[in-house]
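This report describes a protein chain for a reader who is new to structural models. Please keep the sequence and the three-dimensional view at hand while reading.

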Amino acid sequence: MESFNIILFSTLWVIAFLLTRIGLAVLFKKGGITPWLAFIPVLSWWYWIKLVDRPKWYIIGMIIPCVNILFSFNITLDLLRSFGQFKFWQHFAGIVFTFIYLPIIAFRKDVTFLGGAGNSDWRAKNIPAHNGAREWA
């Protein structure tokens with residue numbers, strides 16, 4: 001029974017990983033980054049951080065266990081904002097169902113790269129104001 005659970009978990013993990021990386025690869029291409037870099041686990045973080053215009057030291061946060069969860073949420077939200085996804089439900093779907101939502105938005109024709117959402121000037125110009133409760137939700 002236990003070996004079945006490991007096989008099931010591994011299969012689901014590989015499927016989720018590939019779906020996420022396929023979506024990320026298409027978004028990389030739309031953002032001007034070589035798509036195949038999305039499939040290299042640690043290196044993809046570097047280019048993901050670069051795409052959303054976050055500081056280079058973010059890579060340190062992505063390498064530290066447990067801390068990397070918070071950093072990955074942050075760069076995922078920045079990625080969504082960089083491609084015009086500003087609504088709460090879009091952010092929720094992007095964080096909770098990353099492996100489904102990234103491929104969906106990546107293959108939509110109307111989704112284009114607007115700029116690096118990690119840049120404070122870009123954020124001030126492009127991100128609509130929200131209340132604090134929404135940001136913490």
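## Burial and overall form

A residue is called buried when its relative accessible area is under 20%, exposed when that area is over 50%, and partly exposed in between. The model discussed here is a predicted one.

The protein chain contains 8 helices and 0 strands. Read from the N terminus, its elements follow the order α-α-α-α-α-α-α-α. Along the principal axes, the C-alpha atoms fill a box of roughly 55 × 35 × 30 Å. A compact globule with 137 residues would have a radius of gyration near 14 Å, and the value of 15 Å for the protein chain therefore agrees with that expectation. Among the contacts in the protein chain with a separation of 6 or more, 53% are between residues 24 or more positions apart.

## Confidence in the model

The protein chain has a mean pLDDT of 89, and 91% of its residues reach 70 or more. Where is confidence lowest, and where is it highest? The lowest confidence in the protein chain belongs to helix H8 (residues 132–136), with a mean of 63, while the highest belongs to H6, at 95.

## Salt bridges

A salt bridge requires a side-chain nitrogen of Lys or Arg within 4 Å of a carboxyl oxygen of Asp or Glu. The count by this rule is 3 salt bridges. One of them pairs Arg54 with Asp78, whose closest N and O atoms are 2.5 Å apart. This pair links distant parts of the chain: Arg54 lies in the loop between helix H2 (41–51) and helix H3 (58–63), whereas Asp78 lies in helix H4 (residues 67–82), and the two are 24 residues apart. Arg54 has a relative accessible area of 18%, so it counts as buried. Asp78 is also buried, because its relative accessibility is 0%.

Asp78 forms a salt bridge with Arg81 as well, and here the closest N and O atoms are 3.4 Å apart. Both Asp78 and Arg81 belong to helix H4, where they are 3 residues apart, or about one turn of the helix. Asp78 and Arg81 are both buried.

Another salt bridge joins Arg108 to Asp110, with 2.9 Å between the closest N and O atoms. Is Asp110 buried or exposed? Asp110 is exposed, because its relative accessible area is 55%. Arg108, at 31% relative accessibility, therefore counts as partly exposed. Salt bridges with shared partners connect Arg54, Asp78 and Arg81 into one network.

## The surface and its nonpolar patch

The protein chain exposes about 8,400 Å², and carbon and sulfur atoms supply 71% of this area. A nonpolar surface patch of about 950 Å² is formed by Leu8, Leu12, Ile15, Leu19, Phe88, Phe92, Val96, Phe97, Phe99, Ile100 and Ile104.

Which helices each supply at least two residues of the nonpolar patch? They are helix H1 (2–30), helix H5 (88–96) and helix H6 (98–106). H1 gives the most, with 4 residues. Leu12, a member of the patch, is found in helix H1. The relative accessibility of Leu12 is 51%, so this residue counts as exposed.

Asp53 has a phi near 65 degrees, which is a positive value in a residue other than glycine. Asp53 lies in the loop between H2 and H3, the loop that also holds Arg54. With a relative accessibility of 37%, Asp53 is therefore classed as partly exposed.

Cys66 likewise has a positive phi in a residue other than glycine, with a value near 75 degrees. Its place is in the loop between H3 and H4. Cys66 counts as exposed, because its relative accessibility is 59%.

Conventions. Residues are numbered from 1 along each chain as its sequence is written. This is a predicted model: local features need pLDDT of at least 70, side-chain atom pairs count only at pLDDT 80 or more; totals for chains, interfaces and linings use all residues. Side-chain values use heavy atoms; hydrogens and water are left out. Buried means under 20% relative accessible area, exposed over 50%, partly exposed in between (1.4 Å probe, protein chains only). Patches are made of residues with over 30% relative accessible area and no salt bridge: like charges are joined within 9 Å, nonpolar side chains (Val, Leu, Ile, Met, Phe, Trp, Tyr) within 5 Å. Accessible areas come from the Shrake-Rupley method with a 1.4 Å probe; for residues, only the protein chains shown count as cover. The radius of gyration is taken over C-alpha atoms; the globule rule is 2.2 Å times the number of residues to the power 0.38. Contact means heavy atoms within 4.5 Å. pLDDT is the predictor's confidence in each residue, from 0 to 100.
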